[in-house]
Amino acid sequence: MIEFTAKQYLTHKDCDSLKGKYLDESYFDTLITSDANVYREDGSILFKFRKALLDKNESEVAFLAYKNHAKSMRSRGAAAGPIDSESVYWKKREITKINKGGWSASYNNSDGKPSKMKVSNEVASNAMGYWSETNGLGKNLPCRLTFHTKKDFLKFEDGVSTIQKISNSYKNLHPEFYMKQMAQAQLNPDMTVGDTPFSTITVNRNFRTAVHQDSGDYGFGNLAVFEYGKYHGGYFVIPKYRIAIDMRSGDHLCVDVHEHHANTALYETEEDKIYNDSLPDIFRDNLENGVLGLNNRFARISIVCYLRDELKSCGETHEIDPVYLKPEFTKTSLSVFFVNPLKNSEERKKFYNTKWNRCKSHEDALHRIIKHQLENVIIIDDTCELMKTLGTAKQFTKKDGITYLNIGSKAADVKKGIHDMELAQLSKATDVSPQSAAKFAYYVPDFKVAASVLNNRHMTKSYFIHPKLFQ
């Protein structure tokens, strides 16, 4: 590990003049590629960096949890970079004014009337978790679970173990600030991510940020990266100190994000392109929308874990309505859990093209059904063949027991199903051979049936189907 005091080259004013601009490799002299503790001249921590906090399997699981959370947005301000009137996005709009700083623009709507909004470049970035009270466009939104978190809470929940590990590393790297941040987070413990001092996770995909400072957060930012395919660049640059960090999959960066920072360009070498072109396309992007960074087969998912400072005021003037903190589950549509132990990397790869939720064991899947009182859930072991389509919940008419699905297994094996498996085996799918009942999928109508399986181990009613849907 390297440890040193960084020399300051630029003033705060100098860095402010770079705001909204992209940086290249001429803005740093030192590139950090290994574990490092770096301090300012006054002895305070600038950043601490740890390689491979999460191993290959943990990084894959995190990638699956977060890959679809980076939604397109137009409100990242200076971080989204300078407005380019020739870009795909802006060519479709009549820009009336590029505002001061060059990173936002006013424009006319398709009807020729001026839009009320001033927007930045469209990038793939989204906040998951909890958000503070906001006012805008005539709406007063209370402290709440963010929109996409409410709608896709199970996928958000898939990533909590990753956030917990980053939190534990933060505690080790910067215990003093960790404790301060945790104390503030506990002012509203219902708005934290697991047992961490974080309320919010910003998820980015292939987002080359321009120079900016994070705002609205308390404490240090904790960053991690997860990857699909090969690429180069994307260095995290702190221009004031002419330092950059090469963050790759599974790395953890604990950094003062209130310093000006940016990323260098992401790019492919010829070798990278050949490799990436051989990969399945796991995203369904419409490139005509002009979201920056998505015209590549590789994916760099970066997450920033932090505590929204203004959440400390939630509940001060009036009680928080719990309805705004609850996820939404659609009971009339199917949810899917695929059971995949951490070390089953090869089996996991075939689920990259789905939006299904991962569970570490069958028991874990059943517990989650009960926890959220879910209805209409399919659980699929990772040894099963993938279904081309799920169909609809209406196709499953038996609601008083489990319906086994014949997917890639003999009928006799699937019929055995959970009946011939102890929960000890269910919780350790690797202990069950593919020739036995592990190779199965089944429909659970509701949380009551899930509870019956866990409590009784053997069920009196079960059904078996092999419809065309699953052939």
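Is Ala-262 buried or exposed? With a relative accessibility of 0%, Ala-262 counts as buried (buried means under 20% relative accessible area, exposed over 50%, and partly exposed in between, using a 1.4 Å probe and protein chains only). Before we go on, keep in mind that this is a predicted model, where local features need pLDDT of at least 70 and side-chain atom pairs count only at pLDDT 80 or more, while totals for chains, interfaces and linings use all residues. Residues are numbered from 1 along each chain as its sequence is written, and side-chain values use heavy atoms, with hydrogens and water left out.

Let's stay with Ala-262 for a moment. Ala-262 belongs to strand S19 (residues 262-263); helices (H or I, at least four residues) and strands (E, at least two) are DSSP runs, numbered from the N terminus. Once its neighbours within four places in sequence are set aside, Ala-262 is in contact with Leu-23, Thr-209, Ala-210, Val-211, Tyr-235, Phe-236 and Val-237, where contact means heavy atoms within 4.5 Å. Ala-244 is 18 residues away along the chain from Ala-262, and the C-alpha atoms of these two are separated by 9.3 Å.

Now for the overall picture. The protein has 13 helices and 27 strands. Of its 471 residues, 52% are buried. If you take the contacts with a separation of 6 or more, 76% of them come from residues 24 or more positions apart.

Strand S22 runs parallel to S24, and 5 bridges join them (two strands pair if DSSP finds at least two bridges between them). Look for Phe-338 here, whose bridge partner in S24 is Ile-380. S24 also pairs with strand S26 (residues 441-446), this time in the antiparallel sense and over 5 bridges. There, Glu-375 stands opposite Asp-446 in S26.

Elsewhere you can pick out an open sheet of 3 strands, in the order S6-S7-S8, with antiparallel pairing. Strand S6 (94-98) and strand S8 (114-119) stand at the edges with a single partner strand each, so one side of each has no neighbour in the sheet. From one strand to the next, the twist averages 30 degrees; axes are lines fitted to C-alpha atoms, for helices over the stretch in contact, and angles run from 0 to 180 degrees between N-to-C directions. S6 and strand S7 (residues 105-108) run antiparallel and are joined by 4 bridges. Across from Lys-97 you'll find Ser-106 in S7.

What about disulfides? There is 1 disulfide, counted as a pair of cysteine sulfur atoms within 2.5 Å. Cys-143 and Cys-314 form it, with their sulfur atoms 1.9 Å apart. The link of Cys-143 and Cys-314 is left-handed, at -85 degrees about the S-S bond. Cys-143 lies in the loop between strand S11 (139-141) and strand S12 (144-145), and Cys-314 in the loop between strand S21 (299-308) and strand S22 (335-339), so the pair ties together parts that are 171 residues apart in sequence. Both Cys-143 and Cys-314 are buried. Cys-15 is buried too, at a relative accessible area of 0%, and Cys-384 counts as buried at 1% relative accessibility.

Finally, look at the rings. The structure holds 16 aromatic pairs; rings of Phe, Tyr and Trp (its six-membered ring) pair if their centres lie within 6.5 Å, and planes under 30 degrees apart count as stacked, over 60 as edge-to-face and the rest as tilted. One of these pairs is Phe-28 with Tyr-235, which is edge-to-face at 5.9 Å centre to centre, with 85 degrees between the planes. Phe-28 lies in the loop between helix H1 (12-16) and strand S2 (30-32), and Tyr-235 in the loop between strand S15 (232-233) and strand S16 (236-238), so the pair ties together parts that are 207 residues apart in sequence. Both Phe-28 and Tyr-235 are buried. Ring pairs also link Phe-63, Tyr-228 and Tyr-352 into a cluster.
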